[in-house]
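Colleague: I have a new model open and want to learn how to read it. Where do I start?

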Amino acid sequence: MLAIFKKIKDRVEAFLNEKNIVTDCLNKIEEKTGIKKRYLALGAVGVTGAYLLFGYGASLLCNLIGFVYPAYYSIKAIESPDKEDDTQWLTYWVIYGFFSVGEFFSDIFLHWFPFYYVCKCLFLLWCMAPVSWNGSQILYRHVVRPLFLKHEAKVDEMVSGIGVKAMSAAENVTREVLTTLVRNRTIGPAEPEARRLPSSSTTEPSVD
């Protein structure tokens, strides 16, 4: 357990020593107040936790926590030559996607429970934690991967069938549109018949 907390502490220290917008703000506050940025970060975490418990708009804050930090490190993983971090954050986004879909159907009931957003935030932090028992890795290996391998063939067949049907529907729609356009360009409105003027000559009665 001590090794886990030490690893988390080292990761936090590494993040605080990086050059980014968060550390720039913390450095400026540290220069003005004299309070070390690690204590400022701890204070920010405490305020965030209190806001998740009692504040308005806790859902938005929780979603930002689960999105902004992983998005930042996902971009860094894309730009780095190492592919291990790519797999790490791809796994996180897979779990985040499954969780978001499940939450869409259960949120109407779950958000009434006490400490819901705190638990949700802790769950997302667990999924992105730099530890061996990372939540996204565990859930992927024990839940998502077995389900995917079990139903992969059926899902591929379903997706392929949907793709074929979509292409067929698109071809039919395109054909109908082109046919309509060609018909409208080649077949114009019927020309009105020319009005004939009445003949000025009258037919003379024949004399026997």
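**Reading the fold**

Modeller: Start with contacts that link residues at least 6 apart in sequence; in this protein, 55% of them join residues at least 24 apart. Keep in mind that the model is predicted.

Colleague: How much of the protein is buried?

Modeller: Buried means under 20% relative accessible area. By that cut-off, 19% of the 208 residues are buried. The accessible surface is about 16600 Å², and carbon and sulfur atoms account for 68% of that.

Colleague: Which residues touch the most other members of the largest nonpolar core?

Modeller: Look for buried nonpolar residues joined through their side chains. The largest such core has 15 residues. Cys62, Trp89, Tyr92, Tyr117, Leu124 and Met128 touch the most other members. At least two core residues come from each of helix H4 (58-79), helix H5 (84-110) and helix H6 (116-128). H6 gives the largest share, six residues.

Colleague: What does Trp89 touch?

Modeller: Leave out residues up to four places away in sequence. Then Trp89 contacts Tyr69, Pro70, Tyr73, Ser74, Ala77 and Met128.

Colleague: Where does UniProt place the feature "transmembrane region"?

Modeller: Read the record, then check the model. The unreviewed UniProt entry puts the feature at residues 39-69, 89-110 and 115-133. Take 115-133: the chain there is 68% helix and 0% strand. The end C-alpha atoms of that stretch lie 23 Å apart.

Technical notes: Residues numbered from 1 in each chain as written. Predicted model: local features only at pLDDT ≥ 70, side-chain atom pairs only at ≥ 80, totals over all residues. Heavy atoms only, no water. Buried < 20%, exposed > 50% of the residue type's maximum accessible area, 1.4 Å probe, protein only. Contact = heavy atoms within 4.5 Å. Areas by Shrake-Rupley, 256 points an atom, 1.4 Å probe, with all protein chains shown as cover. Core = buried A, V, L, I, M, F, W, Y, C linked by side-chain atoms within 4.5 Å. Helix = DSSP H or I, 4+ residues; strand = E, 2+ residues; numbered from the N terminus. UniProt positions renumbered as here; feature names shortened; annotations may be inferred.
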